[in-house]
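Below are some notes for a colleague who is opening this entry for the first time. Please read them with the model on screen.

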Amino acid sequence: MSLFSCVQCGAQFPDSPAPPQHCPICEDERQFVGWDGQKWLSREEFAATHRVVWRDDLGVPGIAVEPQFAIGQRALLVRERDGCVMWDCIPMATEAAITYVRSLGGLKAIAVSHPHFYGALADWSAAFDNAPVYLHEADSAWVTRPHPAIVAWSGDCLKLSDDILLVRAGGHFPGGTVLHWRAGAEGRGALLTGDIATVVMDRRFVSFMCSFPNYIPLNAAAVKGIAAAVAPLQFDRIYGGWWGRNIAGGAKGAFDASVARYLSAIA
Ligand SMILES: [Zn+2]
Ligand SMILES: [Zn+2]
């Protein structure tokens, strides 16, 4: 028996004697199956060929898998007095990385923007006394490795602490979630977006897509829905889903300009 991870998207599957036949995340039109067919790594093969690294990303500690694996996202650790909230997740947990996260105060919760970044959330939760994992219920069908710590939250927002609010924005996935961190950016507020509002390469705008690899744009109604969900939030900085993909300052204006630019482009 082993846990298998999908090489293309990083999704983890339950203990089984052989790799799964299919990866529903990859077979969805938002992703793709590798050109040479579906490939898997057992937990042991994964551990022998990859590691978890950590570094500071614009003042916030983050973790990622090296060499780059699957979608290549990094997760962030939003620190509070009583522990960290892990925002988004990565496909692997290692003893060294768990020790590192413990040195930051450990995990009190995990929250993930959307199913492409669910990764090894069960392993991370289990390492911290089954810390609750907040996933929007609209995307529950995409959980590939069920775990009792998963909390399928519903509605438009969920407050995790005085300073941390999950906001359902939809778009890329129906349950697409962003995290508002009131104390972020030295108190000016930060928005952590994964690829629900993805920071583009010039790092002055965000964009919105149904599928990134297959270039399926999001329609106007969905983009307006994201804009409406984000409108009440105050923030000066946006942290995207990959190392360095952040808008360091003036992000509220950049977000609004991005919505206008996008709607004009698809009009
Ligand atoms: Zn996959
Ligand atoms: Zn995605």
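1. In strand 6, C84 is the bridge partner of R79; strand 6 covers residues 83-87, runs antiparallel to strand 5 and is joined to strand 5 by five bridges. The two strands form a hairpin with two residues between them, where strands pair if DSSP finds at least two bridges between them, and where strands are DSSP runs (E, at least two residues; helices are H or I, at least four), numbered from the N terminus.

2. This is a predicted model, in which local features need pLDDT of at least 70 and side-chain atom pairs count only at pLDDT 80 or more, while totals for chains, interfaces and linings use all residues. Residues are numbered from 1 along each chain as its sequence is written, ligands are numbered from 1 in the order in which they are written, and side-chain values use heavy atoms, without hydrogens and water.

3. Strand 5 (residues 75-80) also runs antiparallel to strand 4 (residues 60-66), to which two bridges join it, and A75 in strand 5 stands opposite I63. Five of the six residues of strand 5 are buried, meaning under 20% relative accessible area with a 1.4 Å probe and protein chains only.

4. The zinc ion (ligand 2) is coordinated by H114 (NE2), H116 (ND1), H172 (NE2) and D195 (OD) at 2.1 to 2.5 Å, donors being N, O and S atoms within 2.8 Å of the metal (3.2 Å for Na, K and Ca). H116 and D195 lie 79 residues apart, and H116 counts as buried at 4% relative accessibility.

Note on methods
Buried means under 20% relative accessible area, exposed over 50%, partly exposed in between (1.4 Å probe, protein chains only).
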